[in-house]
Amino acid sequence: MVNISELRDCLQNTLIFRGLSPTQLANFAAVAQLQSYNKGEIIFKQGSESSGFFVIKTGRIKLFKVSPNGKEQILNIFGSGENFAEFAALDGKPFPASAATLEPTELIFFPRMAFLDLLHRYPDLAINILISLSQHLRHLAAVIEDLSFKDVPQRLAAYLLNLSDSRATELAAPGVNVNVVTLDLTKSQLAATLGTISATLSRAFYRLSSEGLISVNGSQIELLDRDRLQELSQSATPEGT
């Protein structure tokens, strides 16, 4: 049985529902459904009918596409408190990509028609939806830019710097070495995120390590020269993929 009070408290911390009153949040929570998934489960497939959108209560998911030859490209990774699939929920068209869990995950699912009915009652929510959509579009634009204009070592350098910056933001504590990061994806998942294959990713790690930019110890990566990593990540001329 859905705990309306618990869902309301969870929703108020998400971007898309920020600023709503307790009564409004309770109305949205009343139409929501809790869904639990194990690691590696498919939530929906590209081309399947759009049934609604999701907020992640706990866990992480990947949004991805698969080419005809089976190569996977991860478009985005979402974690607790984030929402996804609102595009399809709004226009009613099939899901443009697939979604699967990266770990045990609990989702808050909003059926499309029930959500649209409430959206008509509370149009102020549309501003938050537009902000959320703009963030997703900016991320996809960055993905396209990286895949089009950067080679794999450049993409890897940018990924490691972003991972370090995210850790610094989360910790916000003096004396913590944010230049040591722990990879949050498997090798194959990271390769799919960077638009390559595992063998090419291994060569990129070797290049950055041999040039003294990083030190690799299993899943722990130490950023030895942030300035050169930054320079590499922003280089305009790819050296090859």
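**View 1. A nonpolar surface patch formed by F87, L137 and L140**. In this predicted model, these residues make a patch of about 240 Å². Patch members have over 30% relative accessible area and no salt bridge, and nonpolar side chains (Val, Leu, Ile, Met, Phe, Trp, Tyr) are joined within 5 Å. A salt bridge is a side-chain nitrogen of Lys or Arg within 4 Å of a carboxyl oxygen of Asp or Glu. Areas come from the Shrake-Rupley method with a 1.4 Å probe. L140 belongs to helix α5, residues 125-149 (a DSSP run of H or I, at least four residues). L140 is partly exposed at 31% relative accessible area, that is, between the limits for buried (under 20%) and exposed (over 50%).

**View 2. F84 and the nonpolar cores**. A core joins buried Ala, Val, Leu, Ile, Met, Phe, Trp, Tyr and Cys residues through side-chain atoms within 4.5 Å. The largest core has 40 residues, and F17, F28, F84, F110 and F115 touch the most other members. Apart from it lies another core of 24 residues, among them L161 and L232. Contacts of F84 (heavy atoms within 4.5 Å) include I43, F53 and H136.

**View 3. An open sheet of four strands**. The order is β1-β8-β3-β6, with antiparallel pairing. Strands are DSSP runs of E, at least two residues, and they pair if DSSP finds at least two bridges. β1 (33-37) and β6 (83-84) each have a single partner strand, so one side of each lacks a neighbour in the sheet. In the pairing of β3 (residues 52-58) with β6 over two bridges, V55 stands opposite N83.

Residues are numbered from 1 along each chain as its sequence is written. Local features need pLDDT of at least 70, side-chain atom pairs count only at pLDDT 80 or more, totals for chains, interfaces and linings use all residues, and side-chain values use heavy atoms, without hydrogens and water.

Conventions. Patches are made of residues with over 30% relative accessible area and no salt bridge: like charges are joined within 9 Å, nonpolar side chains (Val, Leu, Ile, Met, Phe, Trp, Tyr) within 5 Å. Buried means under 20% relative accessible area, exposed over 50%, partly exposed in between (1.4 Å probe, protein chains only).
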